[in-house]
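Hi everyone, thanks for coming. I'd like to walk you through one structure today, starting with where its chains meet.

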Amino acid sequence: MGKVLEKEAFGLAAKDNSGVLSPFSFSRRETGEKDVRFKVLFCGICHSDLHMVKNEWGSSIYPVVPGHEIVGVVTEVGAKVTKFKTGDNVGVGCLVGSCGSCDNCTEGMENYCPKLIQTYGFKYYDDTITCGGYSDHMVCDEGFVIRIPDNLPMDAAAPLLCAGITVYSPMKYHGLDKPGMHIGVVGLGGLGHVGVKFAKAMGCKVTVISTSEGKRDEAINRLGADTFLVSRDPKQVKDAMGTMDGIIDTVSATHPLLPLLGLLKHKGKLVMVGAPVKPLELPVLPLIFERKMVVGSLIGGIKETQEMMDMAAKHNITADIELISADYVNTAMERLEKADVRYRFVIDVANTLKPSPIL
Amino acid sequence: MAKSPETEHPNKVFGWAARDKSGVLSPFNFSRRDNGENDVTVKILFCGVCHTDLHTVKNDWGYSYYPVVPGHEIVGIATKVGKNVTKFKEGDRVGVGVITGSCQSCESCDQDLENYCPQMSFTYNAIGADGTKNYGGYSDNIVVDQRFVLRFPENLPSDSGAPLLCAGITVYSPMKYYGMTEAGKHLGVAGLGGLGHVAVKIAKAFGLKVTVISSSPKKEEEAITQLGADSFLVTTDPQKMQAAIGTMDYIIDTVSAVHALYPLLGLLKVNGKLIALGLPEKPLELPMFPLVLGRKMVGGSDIGGMKETQEMLDFCAKHNITADIELIKMDEINSAMERLAKSDVKYRFVIDVANSLSPP
């Protein structure tokens with residue numbers, strides 16, 4: 001069963017690669033001097049959670065308690081905590097630890113630290129495996145806790161802790177955040193819909209690029225995209241060739257890059273934030289003859305996650321969510337696999353996660 | 001009656017051309033335009049043999065218009081200059097590289113990036129502004145708009161300086177554009193041929209640490225002792241590749257055959273950049289996880305604009321950078337091409353045009 005820590009906790013865990021989640025009792029450490037302890041109110045369901053409970057990346061250590069879009073209320077802080085106090089609205093995203101001393105950490109990019117510790121499924125300093133936010137409470141080092149601004153609804157803010165920072169970070173890093181720029185967003189799911197909102201808030205013109213015509217209405221009327229383009233329609237792609245400064249590609253399935261590269265202007269950047277498991281075909285000629293780039297990005301550092309959250313508060317950006325009870329989580333996972341959600345499930349943890357078995 | 005290459009222009013020119021995709025070159029009579037008011041006529045002294053010449057004579061890329069007179073690493077003497085030409089005078093030593101035309105009015109041209117102009121025309125195997133075919137530097141002279149002529153610095157030898165006009169700018173431009181010139185940073189150069197060996201020299205001049213990445217262990221000694229690389233990494237040695245993981249700030253990938261990107265991406269540090277310069281016939285496989293987990297980048301680059309080509313020549317002159325060449329006669333070109341196809345050259349053939357090209 002593993003090492004037992006000082007405080008009891010309960011949550012939902014997958015016990016094997018069927019990915020089915022069921023009630024799970026476990027333990028968390030007591031509040032250390034730099035820790036923040038908080039009661040979990042809501043937790044977003046990220047597509048990564050689905051990959052991990054089913055061991056699709058081959059790295060899962062069961063039992064897996066997923067969840068890295070966690071928001072709640074502080075119940076206790078350690079003696080050396082300065083940034084938070086009991087009663088604060090806080091969140092934790094994908095990271096709960098890093099080395100603190102490498103170049104990445106000192107530059108505020110803990111997400112690229114070779115010793116980073118993710119919120120669930122990773123070995124922590126006390127030799128236990130981290131457990132995520134599908135649970136009643138969390139304890140986390142202050143350095144990885146995010147303040148949730150007062151004007152953001154907690155449930156709809158939760159997905160920003162992963163989806164939000166995942167699109168925000170590369171837009172800032174690659175300079176794709178300037179008013180008037182034309183940004184394409186490929187895929188309209190959890191990442192994509194938040195990408196549209198941030199890009200619009202940055203003053204960009206936004207084109208949603210999708211394989212299905214069916215999403216046009218909501219892209220434009222619900223999310224505020226300026227235009228919509230079906231990537232399988234050669235004419236629509238041809239008409240938009242060479243018009244985009246950057247494209248945020250959120251698609252995690254295998255898909256062709258050639259049409260996307262064609263949509264970029266010279267020097268344009270194709271940012272890959274979805275992570276297809278198999279290699280994609282890379283046509284090299286557009287990179288050479290039009291000096292285009294394909295870049296990857298992984299979530300973001302803690303400082304910029306806070307910056308992202310503050311920007312979201314300023315522009316009233318939240319995720320479009322479907323709030324579910326804890327006992328719906330397996331059905332939600334099945335629907336997520338079919339992309340049947342607009343656009344993020346969020347578990348109402350505080351009101352529906354119970355320690356007793358679910359019938 | 002359609003005009004032949006010999007009659008379409010007023011001035012007779014002699015060169016060597018490939019007539020079909022066998023790629024075999026042989027003597028060829030053709031003609032060039034009169035020297036216009038913006039033109040410089042160049043008597044050709046030397047012309048480098050670029051791998052692109054080989055691809056084009058064999059129609060590897062499917063758009064060769066035969067007969068093809070290749071050659072875009074040209075050094076010679078200006079023999080005529082038009083009345084609007086201000087930058088050159090008769091007797092100047094000049095160079096002509098990969099492009100000899102562009103629209104001169106688009107955003108790219110305005111930024112001195114003629115190489116990215118949608119109407120850019122190549123020195124050979126392309127249609128020029130007058131609607132006729134361009135013929136390259138395997139010939140006795142060439143007539144070029146002054147914008148596309150380069151001043152050849154005094155201390156740069158004509159023969160070993162010639163390959164800089166393509167190989168040199170092809171590696172120099174991305175090194176500047178992608179910020180790969182910070183002294184002390186670590187550059188990997190994949191492939192040690194015409195492009196690769198010049199990349200090593202230019203990188204060392206910028207103060208970079210340089211590792212040559214190659215599949216041929218035999219190239220190690222030369223890479224280090226002759227070219228000045230700091231280290232050499234054999235891609236087929238798993239232990240050495242493992243030890244080098246995450247050590248390079250950038251990689252210039254000059255390999256034109258289809259090859260695996262995964263091991264190269266692994267060599268990069270977080271935020272590392274891999275710049276592809278070789279032109280493989282098929283798309284490469286791009287693994288996503290290394291790209292995403294390390295915020296790495298794959299980019300490309302295509303020669304350079306005229307202003308930065310001149311800057312590159314001046315930089316090379318200042319640092320005494322030339323190509324390592326094997327000088328050949330014009331009638332040795334076919335066996336040179338065969339050897340080039342097997343990468344059997346250290347590291348660029350250069351044709352001694354003035355001394356060996358003569359009409360039969």
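So, chain B and chain A bury about 3000 Å² between them, with 67% of it on carbon and sulfur atoms. Buried area here is the accessible area, taken with a 1.4 Å probe, that two parts lose on being put together, summed over both. On the chain B side, Met288(B), Val292(B) and Arg295(B) lose the most area to chain A, together 23% of what that side buries.

A quick word on the model: it is predicted, so local features need pLDDT of at least 70 and side-chain atom pairs count only at pLDDT 80 or more, while totals for chains, interfaces and linings use all residues. Residues are numbered from 1 along each chain as its sequence is written, chains are lettered from A and ligands numbered from 1 in the order in which they are written, and side-chain values use heavy atoms, leaving out hydrogens and water.

Back to the interface. How many residues of chain B are in contact with chain A? There are 34, and they meet 33 residues of chain A, where contact means heavy atoms within 4.5 Å. Which element gives chain B's side its largest share? That is α9(B), with five residues; helices here are DSSP runs of H or I, at least four residues, and strands are runs of E, at least two, numbered from the N terminus.

Finally, in chain A, strands β11 (residues 205–210) and β12 (residues 227–230) run parallel, joined by four bridges; strands pair if DSSP finds at least two bridges between them. Ser210(A) has Val230(A) as its bridge partner in β12(A).
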